[in-house]
Amino acid sequence: MKLFEFARERQWVPITGYLIYVSALTAGYYYNLTFVQLGLTDLGTQKIGMPPGDVSIVMAILALLTLVAAVASGVLMDRRGWSTDLYVKFRLLFLVIFVQLLLTIAAPHVSTIEQFVLWVIVCSMALGVGIPVSFSFMLDFVPVRDRGYVAAIVAGLSFFVAALYPIEWRIDEFSLVMSAMMVPAVFVLAVLSVKRFRFVDSLASQHKRDTFGTGRFCRPIPVRTVSFAFWGPILLMFGVFFIDSLGFLRIIETPQYIYTSWQSPDLSVRLFIAVLHVIGALAAGVIYTNFDRNWLFFWVFGLFAFTHLLYVFHIQFGAGDTPPLVLPMFYVLAVSFYTTLNFALWPDLSTPETIGTHTALGVGIAGWLATFLSTSLALYSEGVGLSLLNHLTYVNALALLFVVALPVLLYVHRMVELARGGTTP
Amino acid sequence: MNLELIPLLIIVLLMISAGGADVETTEFVIEGDHEITEHRGALIVGDATVTVPADEAVSGPVYVIGGEFRIHGTVEGDVTQLSGSLVVEDGATIDGELQHIGGSEELSTEATIMEQTTVAFESSEPSPIAAYTPIVLTTLILAVVGALLSRKHEPLLDNVGAAAKDHPLISLTVGALLSVTFLSVFVFMAFTLILLPVSILGLLVGLLIIAYGIIALGYLAGQQLNTPRVGLATGLGVVVVMVLLQVTGVIPILGDLIAGGLLLTGLGAVVLTYFGLQEFEPVSLPE
């Protein structure tokens with residue numbers, strides 16, 4: 001790892017960059033996992049009493065607005081040169097976190113549908129701007145060599161904490177805790193936004209170094225925005241996020257499976273899941289760093305297909321028993337794998353000139369749009385009374401489709417290259 | 001799930017398959033405490049405590065491969081015990097044959113058992129020589145195969161050994177992921193019965209890959225002897241690795257982790273190098 005090299009040479013500034021990146025992204029992703037994904041559903045269905053179908057529509061709106069805000073801000077960042085200006089990015093992040101702090105404080109007081117819709121619109125704006133800003137930090141702070149491992153640490157840590165806290169979802173209590181945690185971050189970012197520091201100057205120029213700036217898959221030829229090399233991974237990641245959310249929401253709402261999920265009241269089960277998230281993320285980091293990314297995609301789809309097959313099998317033949325932990329084990333591995341991939345992939349498909357647009361499109365379409373569309377679909381399927389067995393059978397079919405589609409897609413892509421006269425693999 | 005259950009589970013599935021039972025009604029209880037009051041088809045008791053309450057009747061056949069099976073009521077069919085614990089209480093009834101192959105059993109004299117057979121094996125406390133014979137034989141076979149392989153196809157072992165030595169973290173990660181995934185897939189396949197042969201074949205191939213990994217690690221260990229007789233060095237190296245695996249096994253938890261780590265690293269290195277047919281090189285990243 002390059003980090004060890006920095007430590008040996010006592011280069012503390014780049015090491016600070018690692019710490020800033022891990023802290024910012026872990027906190028951000030934790031907030032997303034808990035407050036946005038779980039909190040939004042809870043706020044709509046439990047606190048306001050909206051029917052699941054209506055909440056699904058609001059979530060779809062959130063997804064679309066987040067995507068629009070992300071792409072608009074990402075493109076703007078690239079055009080204005082903000083993607084490579086660390087101070088501007090700190091200012092933007094300050095704004096995002098400040099708005100999120102206000103939203104967090106306001107959440108327990110949301111009591112009408114109008115307020116809820118307004119809350120969602122503002123939330124989507126903050127999320128949208130936050131995507132290209134936070135994901136593009138990798139360019140400034142993490143050298144290409146270490147991106148897989150650092151992404152693994154971020155994914156593992158955020159899932160580890162989210163699996164253990166909150167044990168019981170109460171929006172009032174959680175809002176208070178989250179607000180208290182966000183205030184210091186807002187303060188630090190406010191200082192960094194207005195005052196120049198020598199170590200930040202040094203960090204701000206790191207993207208110009210060969211080891212930092214240009215992503216792994218942009219060497220020697222940068223990946224263009226309109227190319228198969230960019231939209232292929234977006235399609236695959238969209239599939240991954242879609243499959244995950246489509247199955248997850250129905251599984252955690254089924255009493256039989258709550259005991260072996262994130263929502264389990266048994267602390268040992270949650271600890272098991274938390275530790276497995278870390279192990280899975282680290283394994284994904286090793287694979288991402290040392291193999292072609294397609295292997296990681298293949299593993300993810302394979303794991304999801306097998307996981308849903310296990311769930312379907314258990315629903316059919318499990319006689320209503322609490323499922324064995326091997327079921328959530330594979331689920332957790334798959335989720336950790338693709339989350340690690342998500343953090344590292346988009347910056348590695350970018351150059352300093354394209355990182356705003358590419359991270360916005362990648363995370364916006366593959367992550368947010370897919371997650372919220374599938375969550376909406378899951379809520380809809382629940383609303384129309386589709387059984388869990390049928391629902392998971394569809395999810396499993398989708399996962400299997402991607403397992404088959406991935407090698408076919410790669411093969412066809414190679415064929416097209418050869419037909420055009422290309423020879424390099 | 002306790003990994004030691006897997007061979008017994010496969011044997012039981014073979015028995016169910018041979019008996020013509022319907023796999024769709026077969027239930028495998030892996031863990032927890034359960035009271036069974038209603039059941040159709042075959043029941044397999046794994047690492048769980050399963051109780052048939054008094055005045056209740058469940059259909060057989062029942063196979064006990066671990067955990068505990070307590071009968072207060074009635075089992076309408078055969079009960080086969082391969083391992084674990086079987087308790088038949090006062091007033092309990094087994095309408096079929098109780099076949100005891102292994103494990104502990106506690107049968108009340110007040111219980112009604114239609115037919116009872118015991119498959120007797122040799123003493124469960126074998127002498128030290130008998131206990132170590134399989135390990136010694138395995139070590140000898142691996143050492144001989146390793147010696148021959150290193151003399152005739154040294155580059156194969158060289159590639160696998162280099163992957164394990166130069167990239168232990170990658171080999172371990174790949175080995176661990178493959179073993180966890182494929183072990184689960186093969187057990188799952190076994191439940192379909194129709195894929196049971198594939199499952200057994202897969203597990204055998206897995207064992208062969210692990211054996212290959214041990215030979216490659218032995219080859220690496222043998223290189224430390226600095227002798228031109230590569231066959232002899234590999235053979236001795238394999239013996240060293242096998243002894244190391246046995247010795248570390250004595251240390252609780254940590255020993256198992258070390259032994260497991262070694263085996264998985266070997267397995268990963270074999271797969272990464274396509275059984276030694278090519279060198280493993282991670283993707284190139286800017287330094």
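Trainee: Before we start, what counts as a patch here?
Mentor: Patches are made of residues with over 30% relative accessible area and no salt bridge, and nonpolar side chains are joined within 5 Å. Keep in mind that this is a predicted model.

Trainee: Fine. Which residues form the nonpolar patch on the surface?
Mentor: Val250(B), Ile251(B), Ile253(B), Leu254(B), Leu257(B) and Ile258(B). Together they have about 620 Å² of accessible area.

Trainee: Which helix gives the largest share of that patch?
Mentor: Helix H7 of chain B, residues 254–272, with three residues. Leu254(B) is found in that helix.

Trainee: Switching to the interface. How many residues of chain B are in contact with chain A?
Mentor: On the chain B side there are 24, and they touch 30 residues of chain A.

Trainee: And how much area do the two chains bury between them?
Mentor: About 2400 Å², with 75% of it on carbon and sulfur atoms. In chain B, the residues that lose the most area to chain A are Phe188(B), Leu285(B) and Pro286(B), which together make up 26% of what that side buries.

Trainee: Which elements of chain B supply at least two residues each to the side that touches chain A?
Mentor: Strand S1 (27–35) and helix H4 (168–191) of chain B. H4(B) gives the most to that side, with 12 residues.

Trainee: How do the residues on that side divide by type?
Mentor: The side of chain B that touches chain A has 16 nonpolar, four polar and four charged residues.

Trainee: Back to salt bridges. How many does the structure hold over all chains?
Mentor: Seven. One pair to look at is Asp348(A) with Arg147(A), whose side chains meet at 2.8 Å, N to O.

Trainee: Now the backbone. Where is there a cis peptide bond?
Mentor: Between Arg219(A) and Pro220(A), with omega about 0°. Pro220(A) lies in the loop between helix H9 (198–204) and helix H10 (228–252) of chain A.

Trainee: What about phi of Arg10(A)?
Mentor: Phi there is near 55°, a positive value in a residue other than glycine. Arg10(A) is in the loop between helix H1 (2–8) and helix H2 (12–47) of chain A.

Key
Residues numbered from 1 in each chain as written. Chains lettered and ligands numbered in written order. Predicted model: local features only at pLDDT ≥ 70, side-chain atom pairs only at ≥ 80, totals over all residues. Heavy atoms only, no water. Contact = heavy atoms within 4.5 Å. Buried area = accessible area lost by both parts, 1.4 Å probe. Helix = DSSP H or I, 4+ residues; strand = E, 2+ residues; numbered from the N terminus. Nonpolar A, V, L, I, M, F, W, Y, C, P; charged D, E, K, R; others polar. Patch = residues over 30% accessible without salt bridge, like charges linked within 9 Å, V, L, I, M, F, W, Y side chains within 5 Å. Areas by Shrake-Rupley, 256 points an atom, 1.4 Å probe, with all protein chains shown as cover. Salt bridge = Lys/Arg side-chain N within 4 Å of Asp/Glu carboxyl O.
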